[in-house]
Structure formats: C-alpha cells, structure tokens
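Let's take a friendly walk through a protein chain, from its overall build down to a few of its rings. Have a look at the picture first.

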Amino acid sequence: MLTLAVMACQRAPVEPAFQYSSDASSRTGLTALPDGVLLGNEAGAVVRLDREGRPVWTTRLGREVAVPPALAGESVVVGTVVGEVACLSLEDGKERWRLGGEPPVLTPPVVDDAGHTVYLVAPDGAVRALAVDSGQERWKRPAPKALAPVESLEPRVSVAPGLRAAPVRVADVLVVPLGSGLWALDARSGEPRWSRPETDVVGLDSERDTVFVATRPGRVLALSVNDGSTRWEQRFADGVTGPPARALGALWVGAGPSSLVGLSTSEGREVARVALPSPLVGRVQVGLEDLLLVPTSGHEGRLVALKAPGWTPAFTVRADTPLRTRPVVRGPLVFVLGLDGRVLAWRLRVPPPA
C-alpha cells in the first residue's frame, strides 16, 4: 500500500502512479534511463521497466546483483557477488558477453562519457578498465599499499567488508575510494596521479575540477581533481550517514543522527539544516524545478520533499520499506526502489500559477 501524507498543501501534490515487485530484496538502487529505470536484485535478476512500470525485459544471472547496473550507450554492464561480469543489450536484455571467475562486484561500475570503457574495483582494491564492446581488459592496476593516517593523533578507521562507494570520473581522472585511502588514477592508463589517506568514504560527487568526499566519521572535503589538494573541509561531530550530492545550488549530505545538511560548494559553509524522520543513507534528487527529494531509511521509508529556497516541507510519502538509494525523476514521475525490491512511483502535480 502506498500511503500519502500531505503537509503544507490543501490539494494533494503527489499521487501514486504504480508499484512493481522484482520478487526479491534489492540494494542496487535504480539506474536512470530516458524512458524508465534498470535495477538488479538478490535473486540475480536484472529488470528494465518503462515509465508505466511495465517490464520491458528481465535477464536472470543466477546470483545476487548487489550494485546498480551501469548504462554504456546501448549496453548495460552488470556484475554479481560471485564474480561474473556481463554485458547486456539495453534493447532486449540479451547477453553480449560474460566474464567468469572475476572478483566479486561490490563496488558500482563506472562508465566513461563515451560509453566505451567500464571501470571495475575489486574488493582488494585492484582497479580494471574493460572495453564495453568486448570485455577485453584495457588496463589493470593492482591494489595500492595503505597510506599513513591523515593526522597522527587520529585513529585509523577500518572499512568493513561489503559494498563500497562508487568511483567518479572527472575528465581524464578516475577518483577511487579504497580501504587504503583515496586514489586518483589516469583513466586512460591506470597510472596513479595522487592519493590521500581518506578512509571509510561513504560517497563522492564532482563539479568541474572539484571532487567532494564524505567520510563516515564526519569529514566532508572539497579536493582539487588535479592534485588532491584541499579546497575546504567541514566536520560533523555525529558523523555522516549518506553520500554527498549536488542539487539546487548546494552540496547535500546526511549528517548524524538524522539530519540533512546543505553546504556551499565553493566554501563549505553550512547553508541549510533540516531534521529528518530517519537517517539519509542515499542521495537527494531534484523534482520538478524547486523540490528537493530526500529518501529516508527508516522502516516506513518516507520520501520527504522540501521546497526551495527555504527548505520547508512540501509533502511526505510513505513507502513502507526502507529507502536507501537515490530517487529517479522523469518529468512529473518519481521512482524509488525499496529495500524489499519494490519499485514505487508517484506523479508530482505541478502547482497552479499564483
């Protein structure tokens, strides 16, 4: 059941559009398509849905898909927890190639802008670049050695095994968060550009020549993509719960215990703080023109909409399943993926002119 709770608005600003069950739990999040979404689940299914929630195709890989499928032109690259990497046709889901005996895919693959190369990070920190059209290895970089702590007085933070934050590619630099630290590699050759001892990274984002880094102990940094130097730093005493995301002129992060914080992208100063019903562990998204959509991770799975520029609540919808990944917006439609594997969609209503 989709439950709608309306706040600060007499006419319901959102209505249920559809719900679709993938028949298994999922932690992949949704991959946005021009006309729908992609997802994977714990049963090993990869599903493409259209805008109306109808399955276009389903491909079954047999073992859990734990991270989002990566869109590469007219292909989809997807990996499993047992170390299979497959390339599927976006049109019909048919397999184009498959590699077996690979490291488990627990870090989201990243594809270059041209859709020609996909970058994969192994659990031990090795990084590979594969040709999307054939699966052929372009280069491989072994796992780097551990770096010294940022400050000698700070305890070293260890990263628990499991899913890791996705790399980001900015121009010809691939920035990769690893257990040993943060590494920037030449995207064409894999050669190291710079490194920093930032561990327990919950997520990255980028803007022009800046990469934003959030760590679970509570550090948020803006770094130069060129040399890794610090442009600004902000610290949160209660830690960071979710990755950074640029939206509506600010950088947004989940801060402990259950807050959404907006930072100036140029200076790092706090420009907004909103209390949430439960922690933000995914990323925010923009809906329509001035709504900030915030997925929360409590068992009720509330999607909170805040209206710019004052960040006042516009409405909340309840999914009855934890929301731990970023919503996808396509026109007036908002898609979310629940932890139980359901894809839920709502239709936003454009408010009438004042």
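The report below begins with the whole chain and then turns to its aromatic pairs.

Keep in mind that this is a predicted model. How many helices and strands does the chain have? There are zero helices and 33 strands. The C-alpha trace spans about 60 × 50 × 30 Å along its principal axes. A compact globule of 354 residues would have a radius of gyration near 20 Å, and the chain agrees because its own value is 20 Å.

Next, the inside and the surface. Of the 354 residues, 56% count as buried. The accessible surface comes to about 15000 Å², and carbon and sulfur atoms hold 49% of it. As for charge, the chain carries 39 positive and 38 negative side chains, with the centres of the two sets 1 Å apart.

Now for the rings. A search of the whole structure finds four aromatic pairs. Two of them are set out here:

| Pair | Centre to centre | Angle between planes | Kind |
|---|---|---|---|
| Tyr 119 and Trp 139 | 6.1 Å | 45° | tilted |
| Phe 212 and Trp 232 | 6.1 Å | 35° | tilted |

Tyr 119 sits in strand β12 (residues 117-121) and Trp 139 in strand β14 (residues 137-141), so their pair ties together parts that are 20 residues apart in sequence. Both Tyr 119 and Trp 139 are buried.

Phe 212 belongs to strand β20 (residues 210-215) and Trp 232 to strand β22 (residues 230-235), and this pair links distant parts of the chain, 20 residues apart.

Methods. Residues are numbered from 1 along each chain as its sequence is written. This is a predicted model: local features need pLDDT of at least 70, side-chain atom pairs count only at pLDDT 80 or more; totals for chains, interfaces and linings use all residues. Side-chain values use heavy atoms; hydrogens and water are left out. Helices (H or I, at least four residues) and strands (E, at least two) are DSSP runs, numbered from the N terminus. The radius of gyration is taken over C-alpha atoms; the globule rule is 2.2 Å times the number of residues to the power 0.38. Buried means under 20% relative accessible area, exposed over 50%, partly exposed in between (1.4 Å probe, protein chains only). Accessible areas come from the Shrake-Rupley method with a 1.4 Å probe; for residues, only the protein chains shown count as cover. Lys and Arg count as positive and Asp and Glu as negative; His and the chain ends are not counted. The place of a charge is taken as NZ of Lys, CZ of Arg, CG of Asp or CD of Glu. Rings of Phe, Tyr and Trp (its six-membered ring) pair if their centres lie within 6.5 Å; planes under 30 degrees apart count as stacked, over 60 as edge-to-face and the rest as tilted.
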